[in-house]
Amino acid sequence: MRRLEALSNTIFGVAMTLLAYDLPKASRFTKAPAWMELVGAYAQPVIALMISFIVAGVFWLSHHRRLTFAPEGSRGEVFLNLVFLLSIVMLPVTNGLYGAYRLDSVVAVSYGFHLTVIASLNALLWALALRGRRNSELLAIAVFPVFALVLATVMAAVAPFVAQFMWCLAFGAPLAGWLAARRWPPRTN
């Protein structure tokens with residue numbers, strides 16, 4: 001798992017750097033742009049970059065916490081981790097589309113579906129890491145984003161403008177974990 005941790009650091013670093021690849025280049029302008037031209041050129045891509053960067057950062061933290069929590073894993077868990085990392089590698093692709101066409105429902109749903117896949121794989125990996133342990137806080141923190149992202153993706157189908165704000169609901173996971181820990185405290189033996 002230590003080698004997987006080193007690989008994941010590289011993958012997250014490259015994917016998070018590539019998020020900026022689709023930002024418009026300065027050569028797009030023939031002369032110094034006015035404020036509204038800058039906003040028109042950069043607003044959507046920068047919003048998408050910020051959302052995706054924060055999402056990737058949160059999943060990177062979760063991934064490292066999980067690897068620390070469960071330092072050993074089966075061959076199947078390592079393979080599932082690789083699939084999870086593949087979903088992270090693909091983030092710059094959907095981010096580029098979302099940055100260019102975030103108000104299009106097809107693109108917003110595709111982006112939301114991708115975020116939901118990442119969250120679902122993360123939750124599944126946490127469930128495997130917690131197997132045999134009762135820790136409602138960690139499980140809630142892992143599962144809550146799946147529900148929030150499914151809801152936001154459904155909203156993206158009908159109101160892509162609203163969905164861009166709903167992606168942030170997934171960041172309520174620590175609150176969900178805190179509430180779960182209060183409701184179902186871990187057993188002490």
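Start your tour of this predicted model at helix H8, whose buried residues are covered in part by H6.

**Stop 1: helix H8.** Select residues 173-183 to bring up H8, then highlight Ala 173, Ala 176, Gly 177 and Ala 180, which are buried. Look down the axis: these residues sit on the same side of H8, because the arc they cover is only 100°. Now turn to the face of H8 directed away from its buried side, where you will find the exposed residues Pro 174, Leu 175 and Arg 182.

**Stop 2: a salt bridge.** Next, select Arg 131 and Glu 77. They form a salt bridge, with 3.5 Å between the closest N and O atoms. The pair joins distant parts of the chain, 54 residues apart: Arg 131 is in the loop between helix H5 (105-129) and helix H6 (136-158), while Glu 77 belongs to helix H3 (residues 75-89).

**Stop 3: a nonpolar patch.** Finally, show the surface and select Met 50, Ile 54, Val 58 and Phe 171. Together they make a nonpolar surface patch of about 340 Å². To place one of them, colour helix H2 (residues 35-69), which holds Met 50. With 46% relative accessibility, Met 50 counts as partly exposed, since that class lies between the 20% limit for buried and the 50% limit for exposed.

Terms used
Residues numbered from 1 in each chain as written. Predicted model: local features only at pLDDT ≥ 70, side-chain atom pairs only at ≥ 80, totals over all residues. Heavy atoms only, no water. Patch = residues over 30% accessible without salt bridge, like charges linked within 9 Å, V, L, I, M, F, W, Y side chains within 5 Å. Areas by Shrake-Rupley, 256 points an atom, 1.4 Å probe, with all protein chains shown as cover. Salt bridge = Lys/Arg side-chain N within 4 Å of Asp/Glu carboxyl O. Helix = DSSP H or I, 4+ residues; strand = E, 2+ residues; numbered from the N terminus. Buried < 20%, exposed > 50% of the residue type's maximum accessible area, 1.4 Å probe, protein only. Arc of directions from axis to C-beta. Contact = heavy atoms within 4.5 Å.
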